[in-house]
Amino acid sequence: MQSIERSLVDSELESQAIEMALEGWDQASARQRQSRAQCGVRALRTEVLSFLLGGISFRELSRQLGRSDLLADFCRVRELDGIRRISKSSLERCSKLFGEEQVRGL
């Protein structure tokens, strides 16, 4: 997982995901922009993980994230008080954050 994580950062995919997530959010508050940027990173990482796990369903991905601190850390869903934002619905919303044109641009 560390090599994949390093690749996402070194290739600047994470930075691009943040930029795309913030498109059109110029007038938002700093807190809203920070939350949106974090959502962009989560969206990228959960999509990468889903692909690596063979395109599993959102329900199964949610289960896997809930069972594994390693996977939860990779997807940035583990916080001090536990693993958060991993419901099937949350993961599905994350997957729709970027449009097809944006994904092709990566």
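In this predicted model, the side chain of Ser90 makes a polar contact with the side chain of Arg93, at 3.2 Å. Ser90 belongs to helix α6, and because its relative accessibility is 14%, a value that falls under the 20% cut-off, Ser90 counts as buried.

Helix α6, which spans residues 88-95, is also one of the elements against which the buried residues of helix α4 pack, and the others named with α6 are α3, α5 (69-74) and β2 (82-83). Which residues of α4 are buried? They are Leu61, Ser62 and Leu65. When the helix is viewed down its axis, the buried residues of α4 fall within an arc of 105 degrees, and therefore they line one face of the helix.

The axes of α3, which covers residues 30-52, and α4, which covers residues 58-67, come within 11 Å and cross at roughly 100 degrees. Because this angle lies in the range from 65 to 115 degrees, α3 is described as roughly perpendicular to α4. Where the two helices meet, α3 contributes Thr46, Glu47, Leu49 and Ser50, while α4 contributes Phe58, Leu61 and Leu65. Sorted by class, this contact has four nonpolar residues, two polar residues and one charged residue.

Conventions:
Residues numbered from 1 in each chain as written. Predicted model: local features only at pLDDT ≥ 70, side-chain atom pairs only at ≥ 80, totals over all residues. Heavy atoms only, no water. Axes fitted to C-alpha atoms, helices over the stretch in contact; angles between N-to-C directions. Helix = DSSP H or I, 4+ residues; strand = E, 2+ residues; numbered from the N terminus. Parallel < 35°, antiparallel > 145°, perpendicular 65-115°, else oblique. Contact = heavy atoms within 4.5 Å. Nonpolar A, V, L, I, M, F, W, Y, C, P; charged D, E, K, R; others polar. Buried < 20%, exposed > 50% of the residue type's maximum accessible area, 1.4 Å probe, protein only. Arc of directions from axis to C-beta. Polar contact = N/O pair within 3.5 Å; in protein donor to acceptor, adjacent residues only side chain to side chain.
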